[in-house]
Amino acid sequence: MNHASAAPPRPAGTDAPLRWRPGLAALGEAFYTRVAPTPLPDPYWVARDGQVAALLGLPTHWMDGAQALAAFSGNALLPGSDPIAMVYGGHQFGVWAGQLGDGRALLLGETAAGQQLQLKGSGRTPYSRGADGRAVLRSSIREYLASGALHGLGIPTTRALCITGSPAPVRRETVETAAVVTRVAPSFIRFGHFEFFAWRRQTEALRQLANHVIGRHYPECLAQPHPYAALLQTVSERTARLIAQWQAAGFMHGVMNTDNMSILGLTLDYGPFQFMDAFDVHHICNHSDQFGRYAYDQQPDVGHWNVACLARALLPLIEDVPAAQAAIASYPAVFRASYLACMRAKLGLDGTCEGDEAHIDALLRLLDGAHVDYPIFWRRLSHAVAQGNFTPVRDLFLDRAAWDAWKLSFQELLARSGKAQNPDLMLKSNPKYVLRNYLAEHAIRDAKLGDFGTLQSLHAVLARPFDEHPDHDAWAGFPPDWASSLTLSCSS
Ligand code: AMP
Ligand code: MG
């Protein structure tokens, strides 16, 4: 069904629930096209995140009302909103893809408090490249759950305010139904925005974009002798730290193309992502990723490669080439230090102790060799340290002797350095609840039948993943056998 011919959106009442400030629209039309959302028939609520609504200052009674449903399904415009679709480019699977852009996303505007609101799935734009501009309910639920889950884990991410659904059919491998996610972030600018203007040799537009990002998000760079090199350095560090957190959490993004890399170091554009079940460093979560470019163990290097792409794009602005090279070169050390800090916390170590690095690496090799369930291992270990009973951890290994040897060696290390594991730190660093694929699948199956209860409960549990939530113990167990047959592609 083509809804492009439906009536254009009307203003969503006269109440102004949000105050806007000039945002990216002020940059000028080289950066975007004004596009109104394409209305969807018979919109309905799927989910709303009260925390994100509060972040925006949106009152609960307003979020419950018809004006909100109309605005966040693309059927009406919020007063003062002037939606735009932005142009960007990107390297997809290592190959320059040329012009991309918001093909199904629209930036509604930027609030006075500096949060941008974006509809995803709100219809075609000049950047849709022949696609339908829509998103399906399944992928919208995955994005909503994942952004909530990463935020709950303390990993930087775009947020999701709500999902609206519609019975409008959307064709993917099968016919599904449409949904719109409203995303929130201080900025949705990607590495690919810079790459686009560098590719077009539009150096002044490139400079304008860099000045905008520095002015809005990295004003400290202005105090540096070479602000554009400082920008690159900061983004390199943020990216390294983000991916360190992904690795420690066992999170795989699935499509780390440069157009999916946030200039703020946020997790952005959830597609075929996955949290690790049985630990396998070579795991590929994206079924379309034939050669494993974005496999779990490749993510740190891909982040580095993507930073190099950003560096190349910024080069026309960076007078100081050695500084740019230094920004790229610093990535591996920042990644490693951040990764080790995350892993030390998982092991309950308050600081460093000599030899812990080798023990961390050896432990990960052990988990990989035995394909031990990643979240369950860490949570059981946290309880084992708290209670002094390691049997439930040992039971996870077929080769018990290998585990015993690692444990003994680690205990000797602790004794030598006079350190002890802190079980409270471990329980705050090793979540009981993780958004495993099969859990998302449960929420999706129920939602397709019109029952949003599982989605709501799962989202609430994942917002506080380190808490016990005894009513939901079943979600903290091993995945069922059918979980390993779930396949995820880029189709969304
Ligand atoms: P992604 O793989 O989701 O990061 O998307 C890559 C590019 O394809 C972006 O420019 C998207 O806006 C665009 N895109 C993906 N799906 C659609 C769709 N259904 N309609 C229009 N554009 C899309
Ligand atoms: Mg994308």
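Q: How many aromatic pairs are there?
A: The count for this predicted model comes to 23 aromatic pairs. Rings of Phe, Tyr and Trp (its six-membered ring) pair if their centres lie within 6.5 Å; planes under 30 degrees apart are stacked, over 60 edge-to-face, and the rest tilted.

Q: How are phenylalanine 279 and tyrosine 374 arranged?
A: They form a stacked pair, 4.9 Å centre to centre, with 20° between the planes.

Q: Which parts does that pair tie together?
A: Phenylalanine 279 is in the loop between strand S15 (274-275) and helix H8 (299-314), and tyrosine 374 is in helix H12 (residues 374-387), so the pair joins parts 95 residues apart in sequence. Helices (H or I, at least four residues) and strands (E, at least two) are DSSP runs, numbered from the N terminus.

Q: Are those two buried or exposed?
A: Phenylalanine 279 is buried, at 1% relative accessible area. Tyrosine 374 is buried too, at 2%. Buried means under 20%, exposed over 50%, and partly exposed in between (1.4 Å probe, protein chains only).

Q: Which residues do ring pairs link into a cluster?
A: Phe279, Tyr296, Tyr374, Phe377, Trp378, Phe397, Trp403, Trp406 and Phe410.

Q: What about charges over rings?
A: The charged end of arginine 293 sits over the ring of tryptophan 305, 4.7 Å from its centre. Lysine 407 lies over the face of phenylalanine 390, 4.4 Å from the ring centre. The rule asks for NZ of Lys or CZ of Arg within 6 Å of the ring centre and within 35 degrees of the ring normal.

Q: Before we move on, what are the ground rules?
A: Residues are numbered from 1 along each chain as its sequence is written, while chains are lettered from A and ligands numbered from 1 in the order written. Local features need pLDDT of at least 70, side-chain atom pairs count only at pLDDT 80 or more, and totals for chains, interfaces and linings use all residues, while side-chain values use heavy atoms, without hydrogens or water.

Q: Now the ligand. Which residues come nearest to ligand 1?
A: Gly101, Gly103, Arg129, Asp132 and Gly133, out of 17 around ligand 1. A residue is near if one of its heavy atoms lies within 4 Å.

Q: How much of ligand 1 does the protein bury?
A: Ligand 1 alone exposes 480 Å², and the protein buries 81% of that. Areas come from the Shrake-Rupley method with a 1.4 Å probe; for residues, only the protein chains shown count as cover.

Q: Switching to asparagine 306. Where is it?
A: Asparagine 306 is in helix H8. Its relative accessible area is 1%, so asparagine 306 is buried.

Q: What does its side chain reach?
A: The backbone oxygen of methionine 256, at 2.9 Å. Leaving out residues up to four places away in sequence, asparagine 306 touches Phe191, Met256, Thr258 and Met261. Contact means heavy atoms within 4.5 Å.

Q: And leucine 206?
A: Leucine 206 is in helix H6 (residues 203-217). At 0% relative accessibility, leucine 206 is buried.

Key:
Polar contact = N/O pair within 3.5 Å; in protein donor to acceptor, adjacent residues only side chain to side chain.
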